[in-house]
Every structure is written in C-alpha cells, then in structure tokens.
Amino acid sequence: MTESIEIRKIVPPVFEPVNLGERILCYRPMKHGMPHFGIEQIGSKVIAHNYGHGGSGWTLGPGSAKYVNALLIESPLAKELSDKTTPIAIIGAGLVGLFTAYDLVKRGYSNITIYAEKLDSLASHYAGGLLAPVSMDNDHEMQPIIDQIGIDAYRFYDGVARNKNDDFKKGARLVPSYFNSRKDSGLEPYVGKVMRPAKDVVLDFGNGTTRQMVAYDDGIFMNTALLMGELHDFINAHHINIVVGKINAFDELKEKFIFNCSGLGSIELANDSALVPVQGHLIMLKNQVPDNMNYMILVYFGMGKTEADQNVERSFYIFPKHLPDSAPQDIGVIGGTFIEGGSPDKPNNKEYDSIIEQANAFFGLK
Ligand SMILES: Cc1cc2nc3c(=O)[nH]c(=O)nc-3n(C[C@H](O)[C@H](O)[C@H](O)COP(=O)(O)OP(=O)(O)OC[C@H]3O[C@@H](n4cnc5c(N)ncnc54)[C@H](O)[C@@H]3O)c2cc1C
C-alpha cells in the first residue's frame, strides 16, 4: 500500500504595496574554500580568525565561536590564556564577534574588549533568519568541520527555542522549514544527530495552487535583530568594553590575543582576496496575519543577470521575521538574491520587483 502524501494548508501572505515595508540591501561575507577559522601569529600578536560565513553566519555563529575559541585557548601560542584575566580583543560586533564574546564569558574570561567600526544596521541585524547552511563555497574535505559547527549551533538555538537557555529568552523558535529538495536545504547532515528526517508534503495555498515540497518540522527560525539585542544585553550585563572605531592593523591594539570577527572588513584587515561580498535584497512585510506566518520557505530559481549585468542567483524565501518594537502584524521578510561581487554603487534595485513577482507567483496570487 502506498502512503498518501500529507497536504498542509497555508494561507498566503499579501504582497500589495500597503503590505510591503522597508527595502534592505546588505552583503554576505563569502570566503571561497570555507570560512577562515584558524590561528596565526603576526609579529607579537596571536590572531584567531573567524570570518567569511557567507549566507550562513547565523546558522553557524554560536558553533563557530565555540570552535575558534577552543582553537585559540588550546593553541601552544596561547599559554597565557590559562589565566582567565588575560586581556582579549575582539574585532567586530556582528553576530560572530558577539557570540565570540558570549562564549568567552561562559568559559570564565573576564577581560574582553570589543573593537568595532559599526554597532548597528549590520548584515547580522538584517539577515533573514533561516537555519540552513546555504550560500557558502566550502572545499569538499572541509565540509565535515562545517557540519559539526552547524550541528553545535543547532543545539544552541534549540535550547533557546525550548526555553532551556537562561541568557536568551526569545530569539529562536522551532518552525517548519520547506525546500524543493533535501539537497537544497543543506540540512541532511543534521538529520539523525539533531533533526528528524524531512517529510514529503504538499502545500495547499487554498487558491488552486499547490507545491510539492520537503518539510523539516524541527527547522529553526532565528529572529536576528532580536538576537542581536539579546547578545548586547548579555555583553552589557557582563561589563564587556566596546570601543567604536575602525582598526586598520592588528598591531594598533594593545592586546596580544585578538579574535578577528570583522566579516567583510577582513578583505582589508587580513588582506584576504578570497573573501567577497555577496549582495542580497530583502523586503520587510507589514499588515499580515501573524498566526498565518508560522513557516519558512526557500526555493531556488537559477542564474540570471541584473540590470548592472552582474550574475545573480535568484531564489525566493519568506521567514517570520519580526523587529523588536514593531506592531505584531508587521511580520515577515521576503528575499532572495545572491550577487557575488555586488557593491553599493550597483544596488540592482529592480531585483526588489522581481522578488515581489516571484512571491506572488510562488503562492499563486497573480
Ligand atoms: C540578505 C541576507 C540574508 C541573510 N540571511 C541569513 C539567514 O537567513 N541565515 C543565516 O544563517 N545567515 C544569513 N545571512 C548571513 C549573515 O547575515 C552573515 O553571515 C553574518 O551577518 C556575518 O556576520 P559577521 O559578524 O561576520 O559580520 P557583520 O555583521 O558584517 O559584522 C562585522 C563587524 O565587524 C566590524 N568591522 C569590520 N571591519 C572592521 C575594522 N577594520 N575595524 C573595526 N571593526 C570592523 C563591523 O563594523 C561590524 O561590527 C544573510 C545575509 C544577507 C546579506
């Protein structure tokens, strides 16, 4: 007997002009090969690099902080760190820098200073919030390290979502995540370790349109702007210094031990030409029905060209992002462009229109 496929009803959001909020352009720090997780001695300084997470910074963040922090603490170059009052610098106050500080405090370190050019309106605040290891370019032999880091990060967010983490109250929740295929999700290495197997389902939008998808029912949505707030609250409560300003060279800092969490800043700071910006467009949604937004979807459409003649990988995604201090009905974010080498002088604004078209087409609305 063949099992019948499960049908799930989803009431589509609305994408009329009155339902569309802020348009956001931001940049993923993508490092070809894999993110830079490693220790290096430069002159008198010992640098622990933790940058280049591409479109998966939130997916990997807590795990990569734990991994790189352990690399430094266990390094023969860092014997002084057995004294937990040794001064430590972190460059960058995006999610990677803040999770680095969080993990160091949890390990008992007490003399930490964060140096950052900017504290607000970072890619870390704007990111959509899907937990899935996508938009990276990892060498095949490095993938098991990335998988383990992602699985560690999943455990962290799962603890937050299930109210088992005293430091984070609201920033993550369990939400079904839908993809066209298991391969597209990047989540298969997590299955059997921290996630249950995906199911084949049909989404029925109640308007004659249905889509066959795979569902990970223990998917995780990370409410990124809210988590940034919770990370800052933790840092303030633990009296970690934050010094605002650009660092041009590691030897400007007085500390010997430096975590480099500068994201795209590492193109200059670490002279890293394998690190590239990947432009992404997002549109916040308004005036939706919050109870109808309990899911995440990511589907890919393939490559195209932007109006600036740049290569773009187009996708459509929708997540239940909700900004702190906004009305409950102003919920949801749609996106999905990946433009490698994108820059603010070529904003490719027509991509916003194509995201709205794709959103309507996906849900069978127009
Ligand atoms: C459109 C879009 C959607 C995304 N969606 C998701 C998602 O759904 N899930 C997911 O997992 N990830 C997502 N991401 C990826 C995620 O946002 C990034 O991987 C992550 O924000 C990178 O964090 P970061 O801390 O390395 O960098 P950033 O957030 O960019 O922070 C870098 C920090 O370093 C500082 N800095 C840089 N250079 C210097 C310097 N020389 N001196 C001092 N300070 C410096 C900056 O001022 C800043 O404080 C998305 C990204 C984009 C663009």
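Visitor: How many helices and strands does the chain have?
Guide: The model is predicted. Its secondary structure, counted over the chain, comes to 8 helices and 18 strands.

Visitor: Why is the chain said to be as compact as a globular protein of its length?
Guide: For 366 residues the globule rule gives 21 Å. The chain is as compact as a globular protein of that length because its radius of gyration is close to that value, at 21 Å.

Visitor: What share of the residues counts as buried?
Guide: A residue is buried if 20 or more other C-beta atoms lie within 10 Å of its own. Of the 366 residues of the chain, the share that passes is 46%.

Visitor: Which element gives the most residues to the shell around the ligand?
Guide: Several elements each supply at least two residues of this shell, including helix H1 (57-73), helix H2 (95-106) and strand S2 (20-33). The most, 4 residues, come from S2.

Visitor: How many residues of the shell around the ligand are charged?
Guide: The shell divides into nonpolar, polar and charged residues.

Visitor: Which residue takes a positive phi in the hairpin of S10 and S11?
Guide: Strand S10 (residues 199-204) and strand S11 (residues 210-216) run antiparallel, joined by 6 bridges, and lysine 199 stands opposite alanine 215. Between the strands lie 5 residues. The positive phi, near 75°, belongs to glycine 206.

Definitions and conventions: Residues numbered from 1 in each chain as written. Predicted model: local features only at pLDDT ≥ 70, side-chain atom pairs only at ≥ 80, totals over all residues. Nonpolar A, V, L, I, M, F, W, Y, C, P; charged D, E, K, R; others polar. Rg over C-alpha atoms; globule rule 2.2 N^0.38 Å. Buried ≥ 20, exposed ≤ 12 C-beta atoms within 10 Å, placed from the backbone. Pairing = 2+ DSSP bridges.
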